[in-house]
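These are my notebook entries on one structure.

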Amino acid sequence: MRTTASILHLDLDAFFAAVEQRDKPSLRGKPVIVGGTGGRGVVSTASYEARKYGVGSAMSGREARARCPHAAFLSGRFHAYRATSKEVMRVLRDLSPLVEPLSLDEAFVDLAAAGLPDLDVATVSEVGEQLRERVHEVTGGLTATVGIASSKFLAKVASELDKPDGMTVVPPGTELDLLRPMNVTVIPGVGPATTERLRRAGIHTIAELELVSQEELVRLLGQAHGAGLWHLARAQDHRPVLPERETKSISVEGTYDTDLTDRRLMEGLLTRQAREVGTRMRKNGYSGRTVTIKVRLYDFTTLSRSSTLPSPTDDGGTIGRVARSLLGDLDTTGGVRLLGVGVSGLADWVQEDLFGEEPDDDGADEVVLPEPPRRTWPPGADVVHDEMGAGWVWGSGSGVVTVRFETAETGPGPVRSYKADDPALHRYEPPADD
Ligand SMILES: [Mg+2]
């Protein structure tokens, strides 16, 4: 255990919903639910106003509607979330070079690398408060909750304690006092199955877990998990903050207007992207060993899977085969809105076999995207009207789309309805850039 509270965990509060409330003034202070708009969708984020009605992440849209029928259900605007996240991560990197993002709205920061005069509780508390203020400024009013402690585990536990818009600092030496009364479910990796096994062994709290021998835990949960829990129950967590490394990679990705559900189509798209990656690699004289696919699901969950080849390649056919097999391991039944292929671990290495293999017939030429419904108006989407300016889709149906004309900079704005094919009305979505 570190002897100072030098690990900071920052978590933006109800992030997606908070960005929507920032950009849609008429929704401030009201229940907002991002996700769960379609028949099969689940809730991605609920604002705190909606949480009061028992709506939470991963709940089905139907359930959320039953609990909070008057909430604004929005389909989500990833471009806005990503842009806001970038600003926050920049603030964190201004503080310390050691920043480890966990998702768009969460990161660890190693304050030991921040060049502070000392790491006393008073000093890190001051840093935490300044950071929260700075985040509030750069995001146009979003709030973050911060936990500061001597390890990643404790910092993350601490950031859950005073949500939203709060901060908890765990003074070194008091970690176990904090942990002991807590339920074992606060330990990362303790999901429903593990909780149930522990419960059957009469273990509910961390204090109870601490009394169990390592051998017993290994017997109950297996070697890796059992030993890991034994250490965490003692607040022993030495994991370092690992900054995102600049990996040399070449990747191609696409976002789609309609959620893709057809597996053959997805494979075809990956195949085509893999070819393009191969072409770019050859043009730059690169080859690489690690093939990664990126898949963003309809609810914004982003998954990636990698596989490392025995030797470097720049062949699109090979990259495509690996990419398709990686896709095979993922559950994409709910629909996919982004697909990408990349190769990393690049070497400035010119392939000796300049002639390569004959390209095999992998079907990439037959890929035809379903004609994107050019005029779809998902709830919450950004639009621009030639005369009225910027607004968002309030609702649509029966050939009519209703728009609320307001932005983060305006007050609550007027509502107008148009024909869904009105040429003066346009969807607005900046191109993806990551
Ligand atoms: Mg969060």
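Entry 1, domains. The domain bounds I use come from an automatic or database domain assignment. I note at the outset that the model is predicted. The assignment gives domain 1 as residues 1–187 + 233–245 and domain 2 as 188–232. I then looked up how domain 1 and domain 2 are placed, and found 26 Å between their C-alpha centres. The contact between them involves 13 residues of domain 1 and 16 residues of domain 2. On the domain 1 side of this contact I recorded seven nonpolar, three polar and three charged residues.

Entry 2, helix pair. I describe two packed helices by the angle between their axes and the distance between the axes. For helix α12 (residues 263–284) and helix α13 (residues 316–327), the angle is about 145° and the axes are 8 Å apart. I noted the crossing of α12 and α13 as right-handed. Which residues make up this contact of α12 with α13? From α12 I listed Met266, Glu267, Leu270, Thr271, Ala274, Arg275, Val277, Gly278 and Thr279. From α13 they are met by Gly316, Ile319, Gly320, Ala323, Arg324 and Leu327. By class, the residues of the α12 and α13 contact comprise seven nonpolar, five polar and three charged.

I consulted the UniProt record, where an unreviewed entry lists Glu106 under "active site". In the model, I located Glu106 in strand β6, which covers residues 106–110.

I placed Glu49 in helix α2, residues 48–51. Why does Glu49 count as buried? I counted 21 C-beta neighbours inside 10 Å of Glu49, so the residue is classed as buried; the cut-off is 20 or more. With residues up to four places away in sequence set aside, Glu49 touches Gly29, Lys30 and Pro31. I also looked up the separation of Glu49 from Arg28, which is 21 residues apart from Glu49 along the chain. The C-alpha atoms of Glu49 and Arg28 are separated by 9.5 Å.

Key: Residues numbered from 1 in each chain as written. Predicted model: local features only at pLDDT ≥ 70, side-chain atom pairs only at ≥ 80, totals over all residues. UniProt positions renumbered as here; feature names shortened; annotations may be inferred. Helix = DSSP H or I, 4+ residues; strand = E, 2+ residues; numbered from the N terminus. Axes fitted to C-alpha atoms, helices over the stretch in contact; angles between N-to-C directions. Left-handed = near helix turned anticlockwise from the far one by under 90°. Contact = placed C-beta atoms within 7 Å. Nonpolar A, V, L, I, M, F, W, Y, C, P; charged D, E, K, R; others polar. Buried ≥ 20, exposed ≤ 12 C-beta atoms within 10 Å, placed from the backbone.
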